[in-house]
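Colleague: Please put the model up. I would like to go through the terms used for it and what stands behind each.

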Amino acid sequence: MPRPSRRTALNASATAAALCLVLAGCAGPGASPSESEGGAVTDKNPFGVAANTKVDIVVFDGGYGTEYAKYAAGLVEKQIGDGVTVQITPSNNLSQSLQPRFVGGTPPDSFTNDGADAIPITSIQDQLEDLGEFWDTKNYDGVKVSDAVFPGVKEVGEYDDAYLNANYVMTLFSLWYSQSLFEENGWKPPTTWSEMGDLCTEAKAKDKYLFTFGKEAAVYYQWLVLDSAIKQGGIDVIDDISNLEPGAWSNAAVKDVLGEMEGLIDDGCFVPGGAGTQFTQAQAQWSNDQDALFYYSGSWIESEMKEATADGFEMTAWPAPLLDAGDAALPFEAVQAGPAIPWAVPKAAASTAGGKEFLRALFSKEAASKFSELTLAPTVVKDTVPADGFGSSALASTMGVMEGAGDDLFSWVSNSYSGYYGIQDAPYWVSFLGGDITAQELIDAEEKLSAAAAADTSKPKKEYDYGK
Amino acid sequence: MSATTLDRAAGRTARTRRGDLGVATASHALLSIWMIIVIVPFLWTVMSSFKTTKEILGSPFSLPAELSFDNYVKAWTDAGIGRYFFNTVFVVGSSLILVMLLGSMLAYVLARFRFRGNRVIYNVMLAAMAFPVFLAIVPLFFILQNMGLLNTWPGLILAYVAFALPFTMFFLYSFFKQLPHDVYEAALIDGAGDWRTFFAIMLPMATPGIASVAILNFLGLWNQFLLPVVLNTNRDNFVISQGMATFAASAGYSIDFGALFAAAVMTIIPVLIVYVVFQRKLQGSVAQGTFR
Amino acid sequence: MTALLTAAGPGERTAPPRPRRRPNLDRISFMLVFLVAPLVLFAVFVLLPFAQSAYYSLTSWGGYSDRLEWVGLQNFTQMLGDEVLLKSVRNSVVLALVVPTLTLTVAFAIACVVTTGGPSIGTIKGLRGSAFYRVASFFPYCVPAIVIGIIWAQVYDPSRGLLNGFLTAIGLDQFQSFPWLGNESTAMAASIFVIVWSLIGFYTILFIAAIKGIPAETYEAARLDGAGRFRIAMSVTLPQIASSFQTAYIYIGLVAVDSFVYMAALNAQGGPNYATLTMTQYLYNVAFFQGKFGYATAIGIVLALVTLVYAALVFGVFRLLRGKDGGDHA
């Protein structure tokens, strides 16, 4: 039985202590720890990473996994030594896990702002380091980083004259199919939408479908529609949409392509039930069950589906179809390819030097080759993919299709307006592909979202000019 | 329920017996359907947890080719389900004890002592239950950070306790209100102080109620999602709810559905076992919570 | 149990006022621990954050920086034109109305059958062998909500899920690839089914305990009056446990209006045409994926008001109903 007197004293002091803590805890946001003391800047350590720094890296754990980051982490530790360690933390919900850290003033030293849950760039634009210095530094191969990568990569991460993102993976966005399946059935991949319709009929005869989709990845088909519209109507199509011009979605090319897609949906060319199917399971309907002939995705698809791909599946890339080849702004071979997977370094990071050093390791041949070997996808670093694509048909065809496009390569998804403004149009695409809303209703919904983003004065606006 | 009155309207007996049989049959049939709906999803989950990814992507009814525990191993190590489970047991257990203690103390004082502001406190706590936890999480993040309790066990537990307090207080209030006054008087006469009265007399009398509310609280704390997501961001310290959510997302990306099912099974089995073992006692204490 | 769940108001006097005692150290320490400590915890961890959030709702805070710009009531007026928000309000209201009603109706029915559904002659007892139903019904309670959502999302999968597999196996081929969660007309119903499914078992147990507290004499009397099972359930059992019913109703209502974890697992993006988006989901998405914490907080405040109105309505309706029947004997 507790004796009142002892307990009394104990409790009185405990309560007093609690009150003290409470009063101390009433402050709000704004308290941020100061950056750690920088180390000496040397040739080996151009950013001056301090000794014994624990570099904190957050990596998006998606189709590419995080093995490559761990490899690069090892390279950094070897390069700098001095007790510096690099910790890789995987995450697949960037906003939720990093928002508290940003507000609390303790963001990671570098992170990949990727995935469906990425942080809208407008929200953190003024909290990211300008990586201009990084691009001008020599990588582990002794080459300036901006020279070590393909042309145009550096500019993709530019916002208001500051280089905020360093995009890492050269991603091809296109249709994908199995060459072996097509050969078996005597099918030819189509170049126009009406040929698509014919192919759909042939596929149905064999109890197959043209396309499949999953609810989290319905926007992939928005990319397909826009790619096709851009090829047909010119790069202005995407410029207008990205600049939130009213009526941009009612552009003739966009409307017509959407109409074609609506026709295919109505004809039952999509595997049914997509609106209720998780996206990797839907993708498996294409790669494993081969119920669908085509799937639109970025070139991560091979790595993502490697556990669920049928034997003998020869994954091959294919450009988006045109409406009318004679009247198109770009040739059929034009494809969308650009650097994706943006790496950023927050200004308030404990060690921005550590973050940049990690990027320096990534953007060097050894780490880049390792990435391609692990994920069968090319990085932006030149000369890191062998001709045979490490034995991957998808990788080889990716390189082939990109070369085939030559100067007609265009890019927009990697730094899309919807990621910038945080536009939530995915549910409308799910409804559209599921046949619940019409193309016109979809256009109206997109117009409304763009108008709302344009009217939001609390966020900065970006001038898009993809043709540059 | 143990009265033994007999129905004396003899003329109705035969018809009644047939009617009884009809009702019994119908009841059993409907309840059996209900049982199937309850149990089958679990059985299916267990069966699927032994399948490989390709088998799962095949037919829902196919039996696994072999009963390998690979998925379980993967879920345990890669997903860290084991660690999350222990974390949750620790956090929920500590929170439950603390909230039951503080909640019953608070309910006792509010119910049996008259003082200014008593009613205000009660109503404010009630109203607070209507506010979504989301509103509190960002400010709470800063408060904990400034107190140095962010990402610590005590910080998380205190948050859990604070949010379960109104509910606990509310339920136990009416319970304490209805304890008989004469026992209290007797204790006073015996010279027992406030502390002793509570712990030695009032609390034991309220045990059945405490048991019921504890069970209710357990579910709420076990399912608490937003608080740990924002206040408990160290992956090693995840609790089950956030751990499973993260794993579901990453399993989706890595197409490891077998492991996902295995993880689900691992979160269910321990609690299920505890329930089956203790369910008699549960029935007893819950029934005991009845007052005449 | 019935007394436990009675929503007794404060201030009801149960004892004559005691003679005043001079506050001594014992009384002070007692009050400090029993009253002050929990209240301080509550104030710091719950009230203070809510108050601060009220402040955020009047700003246009993005959520990631410490830039806080005052915008007054702009967030609230913005809501009126926000179609997605209005849809989420509709969804939350539907959930608040349907989930408690369905859950408690089924739970009550099962509880009645188990406790009093047995033979109408002889002792009042339940259906024979119903102990199994009672025990097994509780299973879903042992599973965290997120896991329930994950499991059912798989069950509902159009091509590989258990449900469609079963339906096509018994010959209903139109369900071959039916997207239960992806079809606008079925998404909400399918989600409601999952939530109700997970809650029924527990409330069944609760009602069973409550019913067992009703004296057998009451039933004997009703039987002698010639009342059948259904009549007994509605006119005898139900009024007797009315206060448990009311409290359960409000509690399930709170869970239903939230439903965040269930909906996030079943349809993270809000369902086809936002058919299943709840207010809690919407404000979470607005905060994290659109970077608009100020606006999200304002939505949260509106949600709190909606919840309070709901609770008040339930109180009012029950008071009306109980007033007619003369109250229960709890």
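Modeller: Chain C brings 90 residues to the contact and chain B brings 89 residues, where contact means C-beta atoms, placed from the backbone, within 7 Å. This is a predicted model, with local features needing pLDDT of at least 70 and side-chain atom pairs pLDDT 80 or more, while totals for chains, interfaces and linings use all residues. Residues are numbered from 1 along each chain as its sequence is written, and chains are lettered from A and ligands numbered from 1 in the order in which they are written.

Colleague: Which helix of chain C gives the most to the side that touches chain B?

Modeller: Helix 1 (residues 25–56) of chain C, with 20 residues; helices are DSSP runs of H or I, at least four residues, and strands are runs of E, at least two, numbered from the N terminus.

Colleague: Why is helix 4 of chain B called roughly perpendicular to helix 1 of chain C?

Modeller: The axes, lines fitted to C-alpha atoms over the stretch in contact with angles from 0 to 180 degrees between N-to-C directions, come within 8 Å and cross at roughly 115°. Roughly perpendicular covers 65 to 115 degrees, so the label applies to this pair.

Colleague: What makes up the contact between these two helices?

Modeller: Helix 4 of chain B uses residues including Leu102(B) and Tyr108(B), and helix 1 of chain C residues including Phe34(C) and Pro38(C). By class there are 10 nonpolar, no polar and no charged residues; Ala, Val, Leu, Ile, Met, Phe, Trp, Tyr, Cys and Pro count as nonpolar, Asp, Glu, Lys and Arg as charged, the others as polar.

Note on methods: Parallel < 35°, antiparallel > 145°, perpendicular 65-115°, else oblique.
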